[in-house]
Protein chains: 2
Amino acid sequence: MATISTEKKPEFRKDPLTGRWVILAPGRSQRPQDYDTAVRRVRSGPCPFCEGNESETTPEVLARRNPDSKPNGPGWRVRVVSNKYPAVHCRMSASDSALAASCFPGLGVHDVIVDTPRHVVSLTDMTVSEVTELLDVFRERLGQLSNEPYLEYALIFKNVGPTAGASLEHSHSQLLAIPIVPPSFISELEAARRWHEREGGCYYCQLLSQEQAQGERIVLRHSGFTAFCPFVSRFAYETWILPEAHEERFEATPQTLLSSLAETIQKVLSAIETRLGKPGYNVLLHTAPFRKQSPHFHWRLEILPSVSRAAGFEWGTGIHINPVFPEEAAQTLRAS
Amino acid sequence: MATISTEKKPEFRKDPLTGRWVILAPGRSQRPQDYDTAVRRVRSGPCPFCEGNESETTPEVLARRNPDSKPNGPGWRVRVVSNKYPAVHCRMSASDSALAASCFPGLGVHDVIVDTPRHVVSLTDMTVSEVTELLDVFRERLGQLSNEPYLEYALIFKNVGPTAGASLEHSHSQLLAIPIVPPSFISELEAARRWHEREGGCYYCQLLSQEQAQGERIVLRHSGFTAFCPFVSRFAYETWILPEAHEERFEATPQTLLSSLAETIQKVLSAIETRLGKPGYNVLLHTAPFRKQSPHFHWRLEILPSVSRAAGFEWGTGIHINPVFPEEAAQTLRAS
C-alpha cells in the first residue's frame, strides 16, 4: 500500500510535458456555501460579509472606513480580508530553486474584497461612488502587493451567482497574487511584443481603433472607455472594457478615470442583466505582471456572463463553443 | 448604425494575437433541455433517445441493429445520428486558403452517439457487453471519418449530468470532428516529440511505469489498462485510463482489449459514483490526429467528475484550483 501525504498545504504543480500548472488547495472544499448543487440558496446563518458580522471573517488587511470607526468593527465601506479558505498561503519568501521546480508550496496571497457593507448581489446594486471606491481599493491593494518581492502576478476577479462559481451571495471580489506569471499570459505578452516589432504600436490600441471604426461589436463608449464583444468571444455575451488611452497597468489609472470606469462597468452590467435576465457572471481584471516589463500590454476588464457552460469539448480541446455571435451579442446589449 | 450579420452558420475564429480558436455555433442555444438553470428536470415530452422515438432525431448515420430491424426504427443497440443542434456542419470540402485564415465556416461533423436504447443515465447502468459495443462503434466511426480528407481531428466525449454540461439525461456520447488540430493538442504532441528526442521512448509509457512503481496515485489496474489520478490534476478526482501497451490511436485497439477497457471504465466510474454520490462527469477520449504523424503520442481516456467548478481564476489564468490532492483522490477511489 502506497503512503499517502497527510500534508494539507496548498501546492503549485507543473505538468512536466505540457508546462500546464495547477494549484492544489485542499482547504477550499470546506468553505461554506450559500448554494447547494442545485443552486438553491441553502444558508441559514448570518452572512459573514454583512456589516456587524466582521468577526465572521479573518482580520481586515485593508479597509475604507468612516473616521470614527475601528478596525474589524462596523463603519466600513470596502473591506479586504484574507480568504478563510485560500487557494494559496502567504509566506515571507520563496527560494528561486523552489520556483524552478515542477512542484512548490502554494505561496501567495488570496484576498476577499467585500465590495460594500450592504447585502447586495451585483455591482449594479451599488452607487457609482461605491464602485469607484472599490476600484480604488483594487488599485491600492495591487500597489501594496507589487512590493512583495516573491509575488509576480495578480488577478482580481469576481464570481457573481452560483452558475459563475460563487459560493456566497453578498457582492465580493477576490484578489489572487502568485509567484508565477500564468503561461497563457506569458504567451499573450510575448505575442503582443512580437506584434509591436512587426507592425509597430500596441496591438490592443489598433484593435480598439478597428472596432470603433467598424462598430459592429461595440457595446458602448463612455468617457475614455470602450466596451465591445471580442471577435473571438469564448462565451456568449462576453464583453471587454478597455481604456482608450494606452496603459499597461490598471494601477496607473488616474483617479478621475476611475469613476468613468465605474460608470462604464455599471452600464455594461445593466445591459447584460436587463437583456439576459440577471445571469451569473465573472469579471476579470487583466493588468501587467508586477515586475516583468510589458510596455506592449494594455490592461482590460473582461465580463463573462454565465449563459453557456463549458463541457467535454472545451475541457478536451481548449476550444470553446459559443452559441452567440459577438456581433449579435453586441447588438442585443446595445439595444437596452 | 453598424450592419449586423444575419448569417447563422457556425464559424471557426482564431484570435490573431494569441492563436486561440473558438467555434461560434448559433443553433446550439435552441437545443431542448432536460434541465433548467437550477438543474432540476424540466422535460415533459418523450425522450428523443429512447427506443421507439427514432423519428425525434436526425436519420442515423451508423447503428448496431438486430438482424430483423430497419434503419430509423426500433431494434438497435447503439445508434449514431447527426447532432440536431451542431457546433459544426458537414461539408464536402474546405479550401486550404479558408483554413489558413483566421475565420472560416464551421466545417466538420458533430455526431450524437446514443449509448443504449434504454433510458439510463450512466455507463455504469449498462452491461459490459453494451459498453464494449459502444467502444467498438467509437472505433468504427473514427475510422470512417479519418477517411474524410478535410477532417484533421476528432474528440469523442461524454457530458453526464447537468453539472457536466449535459442537456439530455439519456446516456449518450458525442463525436466532434473538425478541420484543425486544437493548438493545445499540437503543443502536447510537440512536447511529446521533444521528450522522445531528449529522453528516448514514450513520455506516457515512462509516466505509467513511474506511477505503477510509486503507487500513490493509482486507482486500479485491470487487464492491460492503468487508471490513475494525474500528478497535475485540473479537477477533483480527475482520473486517466491509459493502455499499458504503447499505441497512439484508440482506433487500433484490438477487439479483445475493448472489453477490458469497458470493464476498466465501469470500475472507475463505479468507484466515483460510490464514493462521491453520483456526481456528473465528463469523459474525453484523446486519440492521435487523423493524418498528423504522432508516434510519440499514447491515447488515453480522461474522466472528469463535476465536483469542483471553474470560475473567474480559471478563466482568467488557465490555472485550475483543485481542492483535492490527486494522491488523496486515488486513495479515496481505491477504497471503494
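Q: Two strands pair if DSSP finds at least two bridges between them. In this predicted model, how many bridges join strand β9 (residues 218-222) of chain B to β10(B)?

A: A pair of strands needs at least two bridges. Strands β9(B) and β10(B) run antiparallel, and the number of bridges that join them is four.

Q: Which residue in β11(B) stands opposite F228(B)?

A: Strand β10(B) is also joined to strand β11 (residues 239-243) of chain B, by four bridges and in the antiparallel sense. Within β11(B), the residue opposite F228(B) is W240(B).

Q: Which residues of strand β10 (residues 225-228) of chain B are buried on each of its faces?

A: In a regular strand the side chains alternate between the two faces of the sheet. A residue counts as buried if 20 or more other C-beta atoms lie within 10 Å of its own. Both faces of β10(B) are covered, with buried F225(B) and A227(B) on one side and, on the other, buried T226(B) and F228(B).

Q: Is S260(B) buried, exposed or partly exposed?

A: S260(B) lies in helix α5 (residues 255-276) of chain B. A residue is buried at 20 or more other C-beta atoms within 10 Å and exposed at 12 or fewer. Because S260(B) has 17 other C-beta atoms within 10 Å, S260(B) is partly exposed.

Q: What distance in space, C-alpha to C-alpha, lies between S260(B) and S223(B)?

A: Apart from neighbours within four places in sequence, S260(B) is in contact with H222(B), S223(B), G224(B) and F225(B). S260(B) and S223(B) are 37 residues apart in sequence, and their C-alpha to C-alpha distance is 5.9 Å.

Q: In what order do four strands form an open sheet with mixed pairing?

A: Strand β1 (residues 11-14) of chain A is joined to β5(A) by three bridges and runs antiparallel to it, with C103(A) as the bridge partner of R13(A). Between the chains, strand β2 (residues 21-24) of chain A pairs in the parallel sense with strand β14 (residues 320-322) of chain B over three bridges, and I23(A) stands opposite I321(B). The order of the sheet is β5(A)-β1(A)-β2(A)-β14(B).

Q: Which strands stand at the edges of this sheet, each with a single partner strand?

A: The order of the four strands is β5(A)-β1(A)-β2(A)-β14(B). An edge strand has a single partner, so one side of it is left without a neighbour in the sheet. The edge strands are β5 (103-105) of chain A and β14 of chain B.

Q: How many residues does helix α3 (residues 183-199) of chain A give to the side of chain A that touches chain B?

A: The contact involves 71 residues of chain A and 71 residues of chain B. On the side of chain A, these residues divide into 36 nonpolar, 22 polar and 13 charged. Helix α3 of chain A supplies the largest share, with a count of eight.

Q: What kind of rotation axis relates the two copies?

A: Chain A is superposed on chain B by a rotation of 180 degrees with 0.0 Å of shift along its axis, at an RMSD of 0.0 Å. The relation between the copies is therefore that of an axis that is two-fold.

Q: Which element supplies the largest share of the side of domain 1 of chain A that touches domain 2 of chain A?

A: Chain A is divided into domain 1 (48-90 + 104-183) and domain 2 (184-334), with 22 Å between their centres, taken over C-alpha atoms. In the contact, 30 residues of domain 1 of chain A meet 30 residues of domain 2 of chain A. Both α2 (128-145) and β7 (153-160) of chain A supply at least two residues of the domain 1 side. The largest share, nine residues, comes from α2(A).

Key: Residues numbered from 1 in each chain as written. Chains lettered and ligands numbered in written order. Predicted model: local features only at pLDDT ≥ 70, side-chain atom pairs only at ≥ 80, totals over all residues. Contact = placed C-beta atoms within 7 Å. Nonpolar A, V, L, I, M, F, W, Y, C, P; charged D, E, K, R; others polar. Least-squares fit on C-alpha atoms with pLDDT ≥ 70 in both. Domains from an automatic or database assignment.
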